[in-house]
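Dear colleague,

Please find below the structure that I am handing over to you, followed by a short account of what was found in it.

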Amino acid sequence: MIKMRSELELKRKYDQFKHHAWAGLGFLSVFLAVTRLFSVPNFISIPITLILVFYIVISLIFTYKYREGVSSKEDVILTEKGIIEEEKLKLEKKKAKNEVKTQKKKLKSELKTKKE
């Protein structure tokens, strides 16, 4: 159960950092296109470019760190279904247990009424 949740967490984090890496690349390409079309001073464009590059590199590093989420993609889908099935089984067990309790109570009350 813990392993299933950690695989789900790996996949979620991988997807999140992959999204950030692509977003950073998109921002960088748009920013560089704008600097080519319009005159932007170097004291503005260089720090923004470096910040975006740093953002992309960090996102790629974390994407690489959580890459195990990709290899277990099919497993994660199965474990998501497994978690749902496990929860359904727990609910069914509780329901059955409650039914048994109510039947016992009914039997006890019937026995009391017969004795009286």
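**Aromatic and buried residues**

The charged end of Arg67 is placed over the ring of Tyr64, at 4.1 Å from the ring centre. Please bear in mind that this is a predicted model.

The structure also contains three aromatic pairs. In one of them, Phe17 and Phe62 have ring centres 4.8 Å apart and planes at 20 degrees, so this pair is stacked. It connects distant parts of the chain, since Phe17 belongs to helix 1 and Phe62 to helix 2, 45 residues apart. Phe62 is partly exposed, with a relative accessible area of 29%. The rings of Phe17 and Tyr66 are likewise a stacked pair, because their centres are 5.9 Å apart and their planes lie at 5 degrees. Tyr66 is buried, at a relative accessible area of 13%. Through these ring pairs, Phe17, Phe62 and Tyr66 form a cluster.

Thr63, in helix 2 (residues 42-65), is buried, with a relative accessible area of 10%. The side chain of Thr63 reaches the backbone nitrogen of Lys18 at 3.4 Å. Beyond residues up to four places away in sequence, Thr63 touches Tyr14, Phe17 and Lys18.

Gly24 is part of helix 1 (residues 2-37) and counts as buried, at 0% relative accessibility. Apart from neighbours within four places in sequence, Gly24 is in contact with Tyr55 and Ile56. The C-alpha atoms of Gly24 and Val57 are 9.2 Å apart in space, while the two residues are 33 apart in sequence.

With kind regards

Definitions and conventions
Residues are numbered from 1 along each chain as its sequence is written. This is a predicted model: local features need pLDDT of at least 70, side-chain atom pairs count only at pLDDT 80 or more; totals for chains, interfaces and linings use all residues. Side-chain values use heavy atoms; hydrogens and water are left out. Helices (H or I, at least four residues) and strands (E, at least two) are DSSP runs, numbered from the N terminus. Buried means under 20% relative accessible area, exposed over 50%, partly exposed in between (1.4 Å probe, protein chains only). A polar contact is a pair of N or O atoms within 3.5 Å; within protein, one must be able to donate a hydrogen and the other to accept it, and residues adjacent in sequence count only if both atoms are side-chain atoms. Contact means heavy atoms within 4.5 Å. Rings of Phe, Tyr and Trp (its six-membered ring) pair if their centres lie within 6.5 Å; planes under 30 degrees apart count as stacked, over 60 as edge-to-face and the rest as tilted. A charge sits over a ring if NZ of Lys or CZ of Arg is within 6 Å of the ring centre and within 35 degrees of the ring normal.
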